[in-house]
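Hi everyone, thanks for making time this morning.

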Amino acid sequence: MSVSGLCEFCMQNEVVDGCDRCGRLVCERHYDKKTGFCTDCLKEMGQSPEENDTQHRKPDDVDTYRF
Ligand SMILES: [Zn+2]
Ligand SMILES: [Zn+2]
């Protein structure tokens, strides 16, 4: 079984997989292979990088900060 068609988010890129959470078919840009979820679900679960501001590191940890 292969998926084909256009991403349901951007309608521009080819579908690579379906989201394990909402089932939408999304392109590589809108799919997170680590979790198997689409970017929209990731956002809802608070895992988008922009929302990680709540987890500020202590100044002491600056030296060891790695992205
Ligand atoms: Zn897309
Ligand atoms: Zn989803």
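Let me start with a definition: four donors count as tetrahedral if all angles lie between 85 and 135 degrees, four count as square planar and six as octahedral if opposite donors are over 155 degrees apart and all others between 65 and 115, and anything else is irregular. Donors here are N, O and S atoms within 2.8 Å of the metal (3.2 Å for Na, K and Ca), and water is not among the atoms, so sites may look incomplete.

Some housekeeping. This is a predicted model, where local features need pLDDT of at least 70, side-chain atom pairs count only at pLDDT 80 or more, and totals for chains, interfaces and linings use all residues. Residues are numbered from 1 along each chain as its sequence is written, chains are lettered from A and ligands numbered from 1 in the order in which they are written, and side-chain values use heavy atoms, with hydrogens and water left out.

Now, what geometry does the zinc ion (ligand 1) have? Its four donor atoms subtend angles of 100 to 123°, so the arrangement is tetrahedral. The donors are Cys7 (SG), Cys10 (SG), Cys27 (SG) and His30 (ND1), at 2.0 to 2.4 Å. Along the sequence they follow C-x2-C-x16-C-x2-H. For reference, the ideal angle for four tetrahedral donors is 109.5 degrees.

The zinc ion (ligand 2) is tetrahedral too, with angles of 104 to 115° among its four donor atoms. Here the protein donors are Cys19 (SG), Cys22 (SG), Cys38 (SG) and Cys41 (SG), 2.2 to 2.3 Å from the ion, and their spacing reads C-x2-C-x15-C-x2-C.

Let's step back to the fold. The protein chain has one helix and four strands, in the order β-β-β-β-α from the N terminus. Those are DSSP runs numbered from the N terminus: helices are H or I with at least four residues, strands are E with at least two. Of the 67 residues, 21% are buried, meaning under 20% relative accessible area, with exposed over 50% and partly exposed in between (1.4 Å probe, protein chains only).

Back to some individual residues. Histidine 30 sits in the loop between β2 (25-27) and β3 (31-32). Why does histidine 30 count as buried? Because its relative accessible area is 16%. Beyond its neighbours within four places in sequence, histidine 30 contacts Cys7, Phe9, Cys10, Phe37, Cys38 and Thr39, a contact being heavy atoms within 4.5 Å.

Cysteine 27 is buried as well, at 1%. Leaving out residues up to four places away, cysteine 27 touches Cys7, Cys10, Asn13, Glu14, Val15 and Val16. Cysteine 38 comes in at 0%.

Glycine 18 belongs to strand β1 (residues 15-18) and is buried at 15%. Glycine 18 and cysteine 38 are 20 residues apart in sequence, and 7.8 Å apart C-alpha to C-alpha.

Last stop: the largest nonpolar core has seven residues, Cys7, Cys19, Val26, Cys27, Tyr31, Cys38 and Cys41. Such a core is a set of buried Ala, Val, Leu, Ile, Met, Phe, Trp, Tyr and Cys residues joined through side-chain atoms within 4.5 Å. Thanks, and I'm happy to take questions!
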